Structure formats: structure tokens, C-alpha cells
Protein chains: 4
Amino acid sequence: MSSIRVTVWNEFRHEKIDEKVRAVYPDGIHTAIASFLKGNFDVKTATLDEPEHGLTDEVLANTDVLIWWGHMAHGDVKDEIVDRVYARVMEGMGLIVLHSAHFSKIFRKLMGSTCNLKWREIGEKERIYVIEPGHPIAKGLPEYFEVPHAEMYGERFDIPAPDTQVFLSWFQGGELFRSGCCYHRGAGKVFYFRPGHETYKVFYQKEIQTVITNAVRWAAPVAGPTVTFGHRPEPIEDVTPYEDKSA
Amino acid sequence: MSSIRVTVWNEFRHEKIDEKVRAVYPDGIHTAIASFLKGNFDVKTATLDEPEHGLTDEVLANTDVLIWWGHMAHGDVKDEIVDRVYARVMEGMGLIVLHSAHFSKIFRKLMGSTCNLKWREIGEKERIYVIEPGHPIAKGLPEYFEVPHAEMYGERFDIPAPDTQVFLSWFQGGELFRSGCCYHRGAGKVFYFRPGHETYKVFYQKEIQTVITNAVRWAAPVAGPTVTFGHRPEPIEDVTPYEDKSA
Amino acid sequence: MSSIRVTVWNEFRHEKIDEKVRAVYPDGIHTAIASFLKGNFDVKTATLDEPEHGLTDEVLANTDVLIWWGHMAHGDVKDEIVDRVYARVMEGMGLIVLHSAHFSKIFRKLMGSTCNLKWREIGEKERIYVIEPGHPIAKGLPEYFEVPHAEMYGERFDIPAPDTQVFLSWFQGGELFRSGCCYHRGAGKVFYFRPGHETYKVFYQKEIQTVITNAVRWAAPVAGPTVTFGHRPEPIEDVTPYEDKSA
Amino acid sequence: MSSIRVTVWNEFRHEKIDEKVRAVYPDGIHTAIASFLKGNFDVKTATLDEPEHGLTDEVLANTDVLIWWGHMAHGDVKDEIVDRVYARVMEGMGLIVLHSAHFSKIFRKLMGSTCNLKWREIGEKERIYVIEPGHPIAKGLPEYFEVPHAEMYGERFDIPAPDTQVFLSWFQGGELFRSGCCYHRGAGKVFYFRPGHETYKVFYQKEIQTVITNAVRWAAPVAGPTVTFGHRPEPIEDVTPYEDKSA
């Protein structure tokens, strides 16, 4: 088992108030995601209504990769906690953003754009193509796979062009979407993955689980250099400081 | 003359309180920049201490490219105005961010990272190399040019990898820097250009003026599609909506 | 009228031997393309069976942007001419590669990958989405447009990830494709555009003509620096050469 | 120990004819590189003057990552062998290209550009900066490190913009260089690393060995999808084929 420490974060609101959602994810989406990750990683969960949304300084200091799910309560996430997560990504923590979390405060803050899109909920078919077959997130996947019933997300997806585009999605209703997007931000790595829904059984699907498992490995910190910033009064090489005699 | 409408924004604080700065830019850095742009574009200026920082809805609605200079009063820029500028970039307005404005609220919001760096002020030499000679911002430039006395900015520059890297800077004291960085954000384009200083005469230098002039043309809106977002209940293609019979 | 000099190159073989093709493009695809460009640019044509394929040193020296169409005779293009075109791209000439020219020698040489793909010819619908609305090639286009009857090209398209992805295509039969791809190569710029076919009337379609017209403007040389290479025995800065005393 | 199979390829000519080179690399550069990799990987070597340059079908079929060194005999590498290596990269084999191998046939074929640059041999200092601290190739490195005596390579380096820029080099004599460049090509990954020389002791330096070791891990194949190409007469979704009644 890898020593990567994963925290799966979920709003965990919809499951409590809507029987249809509870029927699919009785213990919450976070628990379903944690389940399939547990064989491979050291996995914990955290939810919105815990103190500090379950994301205390200590929890984050002990998280290598944070997985984020939210869709109806983005506005209830405190800015202070968003800033805390953001600071950890800058330091190197990986972040995996799922489906409707495209509109989470943390993803929008990291992207620097609206992250808006088109959407429709009629349970149409989605076909996910691997565009970059040599990327580690494509490990163990076929050339494409289908999600039989999906909420559609359509372009223009208002994001910066990904550093690497791993997946693209085709939708039965006529749209397409950049559905697997890799970014470097600070010393951290961010992966946005489109599929997922609160009533379609997407997170029980084998290929989806493979992608998220691969993404955890890709997003984990790499023990790169400690980056330092600020004033460097002494040059590395000899330089005679300049004085403007004309002034 | 091109019909591109440029607004040059400046804090315009340092020039008022520091004689050395005023000696170099007696009417403010914005006026110096506006001067060399005036032959080519329809140029206006705006400053921090004007009502709404000079960036009213009307001013922004009539701006194709906004040039941003700031270095000591980033915190005094109201979030409301930052949000307004941001919204215009999303719609397609170009933004050119100069030197110490790497730490402006608007640039950090658009980048999604800290935008931190290393710096030193001993007036050392900077040599700017053109890395992408086919890019329109490289028009009319030599392979490299020098800024004889510059404030040093050194890597790690904590930005997302640029969509296109046009320039890299070499510094006498031993550092280097990604000094010309192109980004798409929303329907807008952003260009960060490193050189510039409040007491070195950088903005009077021919090559620097050429770069900023080229960047205005590159960053100007392109009359692309009006992007729409949100609910699309009707699929473009015929799809029979799915109903989960098991539920 | 712009002073950009365009040469439209075509195999011009299929039109001569197949009545169906001739019915759609009686004077050759090159003539159809040249027609809609003529109002805006200085346009010439060249074809495979002319001496030196119509691409003499003089013709290329006087070409700012070369448009390339081929699909059944890629192997008949002489390597010597391919090398000549390649050398001109390195110097700054723009190249627009249309549809089945994905398999032309020149495109494969510039990409450094197989440029292979999946394909099908049943005249299905293609829907082309603008992914980067702020890019100059998206000028004047709607959010998406349709090609009513197209040959399908499907991913994996074996190309390097584009510098900028302007368009993505959705196909009725279930595939998708990266259909508008921008690259810098040497001092030149390359645009691959997927639509086009020898019997479907793609090049008579307004939006297709808009894209190709925009692409010519984008790909045209920019008068950037003359890049020089090779030995630089004298350092720019003072350096005492090193002698290995241990040797 | 990882199961990654590495083949280190070297011209192995200069070491035989030049005493100075032999003094530094008595058993050839390939042997020096193989030495520090052996603790971590399954390492073999191959050289130019072996039959088929030591790169038989069998050797390549059993190579996960190929490391390439050459500088004076690029022209002696047979095109047939270059095509064989190229085909394996397309299938997923990793390729690490060192220093003067920027001008090897295989690297130029994979890049699609001249790969030309500026160079000087006075043993000046090189300082290598980590630009992307979250990238796996930056693992275990400081923010920057120095090569005390290096051959200078200067921009413009005539390559396509890397998918990821991991390192940039500063040179004492006044130049800079994109010295650590990641590319996807086909299903394979390519890493170009600038440092290295036949008489400076670069490959005995700890940080250089760390980079190459990291790069092997990054470039190794990922067991992604088997990509298939060609005719797909049957659409995945139901489509009524179109017949042009007007023809």
C-alpha cells in the first residue's frame, strides 16, 4: 500500500435531505469514494458540517491529496477554509475536483476564471476518450469508455487551457467537454474530472474508480525543492551596484 | 491609427511622495506609457485616487486593453473594482500587467497562484531573450536586448505555466526569469511583462515600448463568439430521457 | 486588402479522375479555396503535377502562408520539396493543413508523430465547438456550427498537444476530435483544420471560409527577430575561460 | 528496485580517439550513466559501432526507457534504426535526450523543428533553476544548483514549446536556455536535458544523476490504452448514411 494520505471531502447535504440521493449513496458520496481508495491509500473523510468543515490545519497538514465534491452548498464553504486549502495546494498538496465542484470556491480561485459551463440532466450517454495515452492518469483504461447515464456538461467550459488534457467527453445530446484536465498551481497539482453525479451511479463504475485512483498518484506531492520568495539583497554573482549620477 | 481603445492605469502614489520617482516620471508612469502609445491607439489614463479608481463601468465598457501598473498600494485597490476588471477580462478585454503589478490583486486573481518571486534592487543588467520568434509580441525586436539597470526578479516565479512564453530574462547577479507570459482567461487575454521600475528609465526605452505596443495589439478583443452558459434542458440531438426504474 | 501572400496547394488528382469529385470542385479544391480568399489576400495556387509541384524556391520565397490539401497522393510528393517547405516554415512561413493532409509528409515532419486517426465516410453530422473564444481564429464565429455531412475523424489523433486548441468536433456516430490545432514550429506557425472533403461541399460553407481566412491572418509571419545559430566563441559578459589543471 | 528496463545508448567514438575524453570517461559515457542508474533500474547499454547500433528489435522491445548520448557522429546513425526507435516511442517507450544529442536524428524527428541553438566551450558556470517544483523530475533537488564548468547552450533553442518546462539554465557568459523539457509524442514521453559534456565531469555530479534518475521514472511507459487507428466503417451510435441525391 502506498503511503499517500488522501482526504475525501463532501458537502454531505443532499444525501441527508433527498431520498433519491440517499438511495444511491446511503453513507454519502465521500464514503463511496473512500471505499474504493482504501485498498491503495491511507484514506480519511471530511464534510461541510463538521467544525472547520473537517479541514483543520492539522487535517490539511496530514493530507497529501484532497478530493473535493460539492454541488449545492458551495456558498456555505467559509472563505477562511478555502484560503487554507489554497495555501496547502501552493505548498504542494494535490487536489482532485469532481464534477459539480467545478463551481466550488477553491477550484474557481485556483483557475482564475469563471469555470462556468452548459448543463442538462436527462441521463444521456457520455463517452470518455483518452486523448493522452502516455499520461499516468490513463493507466489501465481502454481507448474510451462509457458512462451510461450522465448529467451533460458542455463547452465552452470557462477554464484556462489545461497543462495536459487527458480526457474529452462526447455526449449523446450533441455536446462535448474537456473532462480530464491537469494543472500545476504553486507546488501543487490539480486534476479536474467531469463525471460524477449524486443520483447516477457513476462512482460505482470501475473505470471511474481507476481514473480517480490514478489521479491520486499523479497529484501526490513529489518532495521537490522548498521554494523561497522575497528579498535577495546579495547577488549570487559579483555585481557592482549602480548609482544614478544624473539624479 | 488602430481603433483599439487603451486605458493605462497607475497607482500614481510614489510619483507624488518621492522626488526621485518624480524626477524620472514627472507626470506619472501612466502618462509616460500613454505617450508612446498615443500615435497608435485611442489612449486614456486612470489612477488609484480617482473616484472608483478611474475604472467606472463606463470606462471599462469602453476599454479594449487595460494596462496595469502598481507596486506600493496593491492593498488599496477595492475588491469591488478588482471584480469589475476581472468580469471585463472574462468578457474579452485584454490586460497587460507590468513589472511589480505581478502582486496586484487582479493578476493574482486571474492566475490562481501566489505570483510570488525573488527580487533585488542594485541596478544590475537584464538581458531579455525572445524565445518564440514567431509570436506577434516579438515583432520588430532583435534576438535579445538589454535593460542596462533593472530591478532583478528571479525564479521560482509562482505562476501557472504560460500558454506561450515569449521572453526570458537573464540577470547579471545570477538569476533568470520568465519575463513575457501570455495567458487566455475567459474570453480575454493577459500578458505579463517583467521590465519596468519607478526610478530606472525602463519605459523610455525603445524595445520596451515596442513590446507593450505589440502586446496591446495581441491582447485586443477578437470579436469571437458570445459565450453562453447555464441550463440547456433541450438536447441538440434527439435523446430519450432516462428514468431510473430501480429507484 | 491585406498584403499577405497566400499559396493554395492541391494534389489536384482526384478531381481529374473521379466525376463525383469534379462535380463538386470542377476547377479543383485549390481554386475553390483561392476564390473565397481572393477578396482579402494576394492569392496564387500550385499543384502536384506542375514542375517542382509548383513550389519552386521563388514561389516559396514569395509565400507568406501556404495552404495544403492532399489525400490520395501524399507519397508522390518529393522529399526534396517537403524539405524546402519545411525550411520555409522554420524561417517563418505560415502553414495551414486541411483535413486529409493530416497524413501529408510535411505535416508529419513538423509534428514529430504519426498523425494517425480513426475515420469513417457515411456523411454524418459534425458539430464544431469554439473552445478558445478569445483566439483570433475564432473571430466572427458562433459558439458552434455544424457541417451537415462530413467524413468522421476520431480520437486518438496522434499529434503533440497543440499550443492552442481552438476547436473540438462532435460527430453523430459517437466520436470526437481535436479539429483546430495551433502550433509554433521554428519561426513559423502551423494550423491544422479538420473539416474538408473532396465530395462534401465543406469549402463552400461560410463558417469554414471564415476559419481559413482567420487562420491565414494568424499564421502570417510577424517580422520577429532574425534568429541566428551556431558557435559564439566570445561570451557577452566577461568570463575567464576554464582550464582543467587535473587533466 | 524498480522493474523499469533502461538502455543507455552512446556513440562511444570520442572516448576512443581523444585522450582527454577517455581520461574523464574511461569506459565511455554510457558506462558512467549506467553506473549510477544500476541501483534503481534494470540497466543495459548499447553503442553506435555494435551491429544495428546495439538497437535490435529485441533490445528495443525490452527497453522501457532509452537514454541517448551523441555529439560527433549523428550522421552515422542509420535512418532505419532511427525509424525503429521512433516507432517504439510512438508505442510508449520513454526517451531521454542528453546535451549534444539535441542534434541527433531521433530528437529532431520527434520535435519537428531544427533543434538548433547557440554554443560556446570556455568552461563557464551554469546555474540550473527548477521552474516547476511540483513536477516529479524535480524530486529531491534544491531550488537551483550549479554546474561549475559547462559548455554553454543559448537561446533561441529551436524546439516546439515543451509540454512542461522543468528547468531553465543561466550562464555566466550572458545566455540562458530551456534546459529541462518534457514532451508527449505518440504514447511515449521524451525528456531533453541540457547538461552533459564529454570532458567536463557533469555526469559524476549528484544533482545531474538525480535528474536523470527521476526522468527515467517519469518517462517509463504507463500501461495506458492500446491505441488503434484506421477505418471504422460502423459508427458507435446509430446513423443513417447520407446519400447525395443532387449528384
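Chain A of this predicted model averages a pLDDT of 96, and 98% of the residues score at least 70; pLDDT is the predictor's confidence in each residue, on a scale from 0 to 100. For the complex, the predictor gives an ipTM of 0.96 and a pTM of 0.98. Residues are numbered from 1 along each chain as its sequence is written, while chains are lettered from A and ligands numbered from 1 in the order in which they are written. Because the model is predicted, local features need pLDDT of at least 70 and side-chain atom pairs count only at pLDDT 80 or more, whereas totals for chains, interfaces and linings use all residues.

Two copies of a chain are related by a rotation about an axis and a shift along it.

Next come the contacts, where two residues count if their C-beta atoms, placed from the backbone, lie within 7 Å. Of the interface residues of chain B, 100% are also interface residues in chain A, so the copies meet through the same surface.

Chain C also touches chain A, with 17 residues from chain C and 17 residues from chain A. On the chain C side, strand E5 (118–130) and strand E7 (164–171) each give two or more residues (strands are DSSP runs of E, at least two residues, numbered from the N terminus). The largest share, four residues, comes from E7(C).
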